[in-house]
Amino acid sequence: MPYPSSLQESLAKVVSTRERRLKEDFPRAGAAARDQLLKENHPDYRADTFATLRLGPNAGDKTPRELALLLEAAPLLDTAALNLASPDYDCDVLIIGGGGAGCAAALTADDSGSRVILATKLRLGDANTMMAQGGIQAADKPNDSPAIHYLDVVGGGHFANDPALVEALVTDAPEAIEWLEDLGVMFDKNPDGSMKTIHGGGTSRQRMHTSRDYTGAEIMRTLRDEVRSRERVTVLEFSPAVELLTDSTGAVTGAVLLNLNLHRHYVVRARTVIVATGGSGRLHYQGFPTSNHYGATGDGLVLAYRAGARLAFIDTMQYHPTGVAFPQQIVGQLVTEKVRSLGAQLLNAHGEQFIYPLETRDVVASAIIRECSRGNGVQTPVGGQGVWLDTPMIEIRRGQGAVKHELPAMVRQYARFDIDIAREPIIIYPTLHYQNGGVRIDPDCQTGIHGLFVAGEASGGVHGRNRLMGNSLLDVIVFGRRAGRTAANAARKQIREPELTLNHLDRWRRELESHGVTPAAKSPLILPDYTRRES
Amino acid sequence: MGERHLVPDSLTILQALEYAGYRLIRGVGCRGGFCGACATVYRTAGDYHLKFALACQTRVEPEMQLAMIPFYPGQRATYRLSELAGTPEEVLTLYPEMLRCYGCNTCTKSCPQDIDVLGYVSAIVRGDIRSAADISFDCIMCGLCVSRCPAELVKHNAALLCRRICGRGIAPRSPHLRQRVEEIGSGRFAADLAELRQASPEELKRRYNGRDIEPGD
């Protein structure tokens, strides 16, 4: 029996209310109620946890303190020992980041005939894409359309999204799914070949395409295999970028990589550079645990910012409503939204619903935080709190075996700690999940800095102030492909051999000085440090 | 890894290594059980059996001896999926060593995902790509099965090829998907989207709050 006696009373209430709740639909919140819930409870509204940037293109903008520290930091790179005169590598398109966006970009740039180098921090495919479970959206059913998808995206994003980016996202979506199928991604299907699709939080049509609950992993391992089968693409693993290179006009012309195993720097000269470095959950904003990959430290934002690129929506992060709150060993890890898509309800300690389970993520997370702050949360044995997610309802609604078939990763994750989620509910609490903003891009992934393109979670504008489930996997494919195409075209037009300088760092240091900023850190961070601190 | 460390018993193997002072570069990845970077072999006190786990998903035990295997050598066949017909013969031509399997089942015992590895290898050998894809679906390609295989098979790569063949061609394609891609190509939704793109926030809010929502299952 995995749940200690202190939780049994609450657990019994969950069981006793279940039959009634199976017929009970909690009403959706109205627009005003949603706004109030967010303002009073969402971590984005905790003003004391934000700092105002003092320099760079976003001077005056607010961002979480942890990110501000790195954006206003001194460069990690010791430039004295660097020889830019004879680059170690030369290519048309340098892609920084080996996740979904980076790999999609590599494939389309390679299709365009470019010589591609893909450099990545850890192994190829080590990225948040690999961990995405829930699904990927595309309006490809007869009762759906890109326009309906558009409305869901901007409503979820609080109408702040960049309209041109949303249009690109929803218009390219069906083709992105077809492209993935051509590459061999196995989507869940009905016997006649039609896609099995379900709802996600904030969707008005069932347009979530899934591969069990390994959707991201299935996409990532397929893209990775395809990249490996392209002979012209050079992959450099354990080689994060520590600085971009620029020419005398300020255009980006390459990057300096640091090989983490050999502790050596490598200079890459490129006609165009795509930053696809993903998010920053490992900065643990406001002390939240995170569902993110070990390497998600926001490096791309730092590098692009120093090179002069403008960021957007860096004051909003996504806290996924359902992170693990118990058992302690896996706190913060993701419990996929698909659990709620399949019919599981969220319950307080009294076994009662308090929010419609498929509101958008920011609203559900806020409701959970509120419920706990009102004293209606479940106290976990290690001093944390959370609410119940009633997973056995899936089995009741969809038949015996449904949980095992639809959620094998979740079943496995909990079974390792002796919890059978088909029979017992689980305890969850919001976890830091996604960087809503990033480098501002246009629909061709251009940044306003010549030679610099950005795609995926490192970009900002697509999702506004809140991303819907299933639009991130879509984002990395749609904009990864767009970035690969446009960066390859731009590289082709770049006849002159790129000039390599670090002039932008001199400019950066002067700016730090003129604003009287003494950097309190060096960046990029590259990896978090979880070694024990002596207390 | 041959050293003795005293750690709290509540930690995972990965957290315990970090507690001991390791700042890991290899042997760590997603930290959520999806990437296969932290494959680990271990033994516990008084038990001669080798055990297998993901370090990020497994709690430490007293007197546990362990080693991470962050990488294991293995060949990957050279192919372009788009140039394959997707037949069982092709899989066995690209990975002929699969026929060397003699059914010892050590692979299945070493899988931290509890996949029936022998089951999918057998499916490949008898030419059943669909079953191989289905059985191997939850594979995270950690390579522990490869490390233990006396027939030296790199089975996770062969399984990946089967899944890709299955996704591309064996499962029937979706007519509604093809149709929608064609409709978008012909510009059928361009006017609707242009209108939304130019709509005022108030108009968008009105439409969003009044939109009809398809019932769930």
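**Two domains, two chains: a quick tour**

Me: Which domains does the domain assignment give for chain A?
Reply: This is a predicted model, where local features need pLDDT of at least 70, side-chain atom pairs count only at pLDDT 80 or more, and totals for chains, interfaces and linings use all residues. Residues are numbered from 1 along each chain as its sequence is written, with chains lettered from A and ligands numbered from 1 in the order in which they are written. The bounds come from an automatic or database domain assignment. For chain A that gives domain 1 (5-41 + 318-432) and domain 2 (93-316 + 436-504).

Me: How many residues of domain 1 of chain A are in contact with domain 2 of chain A?
Reply: The C-alpha centres of these two domains of chain A lie 30 Å apart. Two residues are in contact if their C-beta atoms, placed from the backbone, lie within 7 Å. On the domain 2 side of chain A there are 27 such residues, and on the domain 1 side 25.

Me: Which element gives the most to the side of domain 1 of chain A that touches domain 2 of chain A?
Reply: Helices (H or I, at least four residues) and strands (E, at least two) are DSSP runs, numbered from the N terminus. Elements that each supply at least two residues here include α11 (361-373) and β18 (426-435) of chain A. With four residues, the top giver is β14(A).

Me: Where does the largest share of the side of chain B that touches chain A come from?
Reply: Here 68 residues of chain A are in contact with 64 of chain B. Among the elements of chain B giving two or more are α1 (13-20) and α7 (155-170). The largest share, seven residues, comes from α7(B).
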